[in-house]
Amino acid sequence: MEAAKYDIKIGKMVPKYQEMQDVIVSLLPFEKGSSIKVLDLGIGTGNLSLNLLRQFPKAKIVGIDKNKEMLKITSKKLLKFSLKVELIKGDFSNFLPKGNYDAVISLLSVHHLTDPQKRRLFKRVYRNLKSEGIFINGDFVISDSNFINRKSSKIEEEF
């Protein structure tokens, strides 16, 4: 998807896009005033990180994305938080910035990987998390649960 039109299109293509961001941020088990360090995989145009920084003003974000144009948009969008954000052009499927993160987050990015790439990524994420750290991935999945799959289909149809 073209970077310049991403924010407009994603809201029209993905049911409950804003709600997905809100849920990810709400699941972070930290006090709002905490100085947490967060890695955003596939930061895109920075929507999830912006949401997070509004809720956790002392957070530091490291965002990685392989799309240079997306990172330009993110840089502008997060300009007022520029001292708290480090953007890295890279492919998280084979590279993660080293760190001791309180949280690793991702929204609509990991589904682009193959299953073996996902397994390798999840191992690297685990190694880069603090012992009490958390990984939250908001993405498209097919569940082993028929109930969840039916519910997801219903939400998509209603959208």
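Which residues does Ile 105 touch, not counting residues up to four places away in sequence? The first view gives the answer. Every view is drawn from a predicted model.

**View 1. Ile 105 and the residues around it.**
Ile 105 sits in strand E4. Leaving out residues up to four places away in sequence, Ile 105 touches Ile 24, Leu 28, Val 38, Leu 39, Asp 40, Leu 41, Leu 48, Leu 52 and Ile 136. Its relative accessibility is 0%, so Ile 105 counts as buried. Look for Leu 52 among the residues it touches. In sequence, Ile 105 and Leu 52 are 53 residues apart. In space, their C-alpha atoms are 10.0 Å apart.

**View 2. Helix H3 and its buried residues.**
Helix H3 covers residues 47-55. Of its 9 residues, 7 are buried, so the helix is largely enclosed by the rest of the structure. The buried residues are Asn 47, Leu 48, Ser 49, Leu 50, Asn 51, Leu 52 and Leu 53.

**View 3. Thr 74 in helix H4.**
Helix H4 spans residues 68-77, and Thr 74 is part of it. Is Thr 74 buried or exposed? Thr 74 is buried, because its relative accessible area is 0% and buried means under 20%. Set aside its neighbours within four places in sequence. Thr 74 is then in contact with Ile 43, Gly 44, Thr 45, Gly 46 and Leu 87.

In general, side chains of opposite charge can pair when their charged atoms come close. Both Glu 69 and Lys 72 lie in helix H4. They are 3 residues apart, about one turn of the helix. Glu 69 is partly exposed, with a relative accessible area of 38%. Lys 72 is partly exposed too, at 44%.

Lys 130 forms a salt bridge with Asp 102. Their closest N and O atoms are 3.1 Å apart. Lys 130 lies in strand E5 (residues 129-138) and Asp 102 in strand E4, so the pair ties together parts that are 28 residues apart in sequence. How do the two partners compare in burial? Lys 130 counts as partly exposed, at 33% relative accessibility. Asp 102 is buried, with a relative accessible area of 10%.

Asp 115 and Lys 118 form a salt bridge, and their closest N and O atoms are 3.8 Å apart. Both residues lie in helix H5. The spacing is 3 residues, about one turn of the helix. Asp 115 is partly exposed, with a relative accessible area of 48%. Lys 118 is partly exposed, with a value of 21%. The count of salt bridges comes to 3.

**View 4. A patch of positive charge on the surface.**
Which residues gather in this patch? They are Lys 98, Arg 119, Arg 120, Lys 123 and Arg 127. Lys 123 lies in helix H5, which runs over residues 115-128. Lys 123 counts as exposed, because its relative accessibility is 55% and exposed means over 50%.

**View 5. Leu 108 and its positive phi.**
Leu 108 is found in the loop between strand E4 (101-107) and H5. Most residues other than glycine have a negative phi. Leu 108 is not a glycine, yet its phi is positive, about 60°. Leu 108 is also buried, with a relative accessible area of 8%.

**View 6. Pro 97 in a loop.**
Pro 97 lies in the loop between strand E3 (85-89) and E4. At 7% relative accessibility, Pro 97 counts as buried. Leave aside its neighbours within four places in sequence. Pro 97 is then in contact with Leu 39, Val 62, Ile 64, Ile 88 and Asn 128. Find Gly 63 as well: Pro 97 and Gly 63 are 34 residues apart in sequence. From C-alpha to C-alpha, the two are 9.1 Å apart in space.

Note on methods: Residues are numbered from 1 along each chain as its sequence is written. This is a predicted model: local features need pLDDT of at least 70, side-chain atom pairs count only at pLDDT 80 or more; totals for chains, interfaces and linings use all residues. Side-chain values use heavy atoms; hydrogens and water are left out. Patches are made of residues with over 30% relative accessible area and no salt bridge: like charges are joined within 9 Å, nonpolar side chains (Val, Leu, Ile, Met, Phe, Trp, Tyr) within 5 Å. Accessible areas come from the Shrake-Rupley method with a 1.4 Å probe; for residues, only the protein chains shown count as cover. A salt bridge is a side-chain nitrogen of Lys or Arg within 4 Å of a carboxyl oxygen of Asp or Glu. Lys and Arg count as positive and Asp and Glu as negative; His and the chain ends are not counted. The place of a charge is taken as NZ of Lys, CZ of Arg, CG of Asp or CD of Glu. Helices (H or I, at least four residues) and strands (E, at least two) are DSSP runs, numbered from the N terminus. Buried means under 20% relative accessible area, exposed over 50%, partly exposed in between (1.4 Å probe, protein chains only). Contact means heavy atoms within 4.5 Å.
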